[in-house]
Amino acid sequence: MHIPDNYLSPATCGTLVAAMAPIWTVAVLKVKVQIKAHHETLPMLGIAAALAFLIMMFNLPIPGGTTAHAVGGTLLAVLIGPWAACLALTVTLLLQALLFGDGGILAFGANAFNMAVIMPFVGYACYRIGQKWHHEKIGLAVGAYLGINTAALVAGIELGLQPLLAHTANGTPLYCPYGLNVAVPAMLVAHLLVAGWVEVGFTLLVYQFVKKVAPLNLYQATPRTTRRPWLYLLVGLALISPLGLLASNTAWGEWSPSELQQRLGQSTAPLGMTHGIHFQALFQDYSIAGLPLAIGYILSALTAILLCLLLIRGLQHDVKSTH
């Protein structure tokens, strides 16, 4: 679901960044209020961002030769609130794009809209309905499934609109060459059949984990005394992250220009792709030069955990210095 650069037109990317700007502003204001009421929200932001990063490293094989992954958007919304989840997922997506080349730089607004807004807010709404009817686990499961599939639908629409929005005089697409009739079903099939169910399973498992380590404070923040189990969980997921390499194919709509060219059976990829931005991340595709891919995967996961926690530690210091 990480849309790479050059699949969306610059106009689409700019529009979605502009749409995200007020959302991020409101999220920051809401989370500032939340931190004043519950100080442990701040460290939980770092834990949540790292958790989402790790969840997305586990690629799943999809019928037809592509892959997909869970995200954890609904889980984060339930753990720390939807606005805090929006910020945590934004941090995750930014790290993925800048350091690991997972998701585009120009497409960052689109990916944030899909995975940091649509997913957590849809999922959280379903969870709250289930909670109101005294079936919070059912609401959580439904929210996890609908959240990721709604985000996949929106991503499919964004990609599928490109042939209509950006094309040459003779109608040749400049960016994503697949229309709505292809992009929407492709995105939905992968998530309805596989990724959505894995999202439900992982969400319920971590929910049960939280109930055990923080049964009295599930929906706000984890007390200081129960932070250690979270670190065990994160490091454990990092160590088994190479399992995500078992599904080695490329996710639908995330092909390189050469891969797309082969799929289309054409001599060149769409013009906007070949002449677009080609950012090379430091640890592209979670690999480290000179090391086996599995080791690079583990080190990338541990690096992401460390960066998320250090970022929040720095914010904690700033918050304390202002009081």
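Q: Where does Leu99 lie?
A: This is a predicted model, and in it Leu99 lies in helix α4, which covers residues 82-100.

Q: Is Leu99 buried, exposed or partly exposed?
A: Leu99 counts as partly exposed, because its relative accessibility is 21%, and buried would require a value under 20%.

Q: What is Leu99 in contact with, leaving aside its neighbours within four places in sequence?
A: With those neighbours set aside, Leu99 is in contact with Ala281, Leu282, Phe283, Gln284 and Leu307.

Q: And how far apart are Leu99 and Leu264 in space?
A: Going from C-alpha to C-alpha, Leu99 and Leu264 are 29 Å apart in space, while in sequence they are separated by 165 residues.

Q: New topic: where is Asp285 found, and what is its phi?
A: Asp285 is found in the loop between α11 (271-274) and α12 (293-321), and its phi is near 60°, which is a positive value in a residue other than glycine.

Q: What about Tyr286, where is that found?
A: Tyr286 is also in the loop between α11 and α12, and Tyr286 too has a positive phi, of about 60°, although it is not a glycine.

Q: Are they buried or exposed?
A: Asp285 is exposed, with a relative accessible area of 51%, whereas Tyr286 is buried, with a relative accessible area of 6%.

Q: OK, helices now. How do α8 and α9 pack?
A: Helix α8 (residues 180-213) and helix α9 (residues 227-239) pack at an angle of about 150°, and their axes are 11 Å apart. Angles over 145 degrees count as roughly antiparallel, so α8 is roughly antiparallel to α9.

Q: Which residues make that contact?
A: From α8 the contact is made by Phe202, Val206, Phe209, Val210 and Val213, and from α9 by Pro229, Trp230, Leu233 and Leu237. Sorted by class, the contact has 9 nonpolar residues, with no polar and no charged ones.

Q: How many residues are in the largest nonpolar core?
A: The largest nonpolar core has 86 residues, and those with the most contacts inside it are Met1, Leu51 and Trp230. Helix α2 (residues 41-55) gives the largest share of this core, 12 residues.

Q: What does Leu51 touch, leaving aside neighbours within four places in sequence?
A: Apart from those neighbours, Leu51 is in contact with several residues, among them Phe202, Val206, Trp230, Leu233 and Leu237.

Q: Last one: which side chain does a polar contact join to that of His69?
A: The side chain of His69 is joined to that of His2 by a polar contact of 3.2 Å. His69 is found in strand β2 (residues 66-69), and at 7% relative accessibility His69 counts as buried.

Terms used:
Residues are numbered from 1 along each chain as its sequence is written. This is a predicted model: local features need pLDDT of at least 70, side-chain atom pairs count only at pLDDT 80 or more; totals for chains, interfaces and linings use all residues. Side-chain values use heavy atoms; hydrogens and water are left out. Axes are lines fitted to C-alpha atoms, for helices over the stretch in contact, and angles run from 0 to 180 degrees between N-to-C directions. Helices (H or I, at least four residues) and strands (E, at least two) are DSSP runs, numbered from the N terminus. Angles under 35 degrees count as roughly parallel, over 145 as roughly antiparallel, 65 to 115 as roughly perpendicular and the rest as oblique. Contact means heavy atoms within 4.5 Å. Ala, Val, Leu, Ile, Met, Phe, Trp, Tyr, Cys and Pro count as nonpolar, Asp, Glu, Lys and Arg as charged, and the others, Gly among them, as polar. A nonpolar core is a set of buried Ala, Val, Leu, Ile, Met, Phe, Trp, Tyr and Cys residues joined through side-chain atoms within 4.5 Å. Buried means under 20% relative accessible area, exposed over 50%, partly exposed in between (1.4 Å probe, protein chains only). A polar contact is a pair of N or O atoms within 3.5 Å; within protein, one must be able to donate a hydrogen and the other to accept it, and residues adjacent in sequence count only if both atoms are side-chain atoms.
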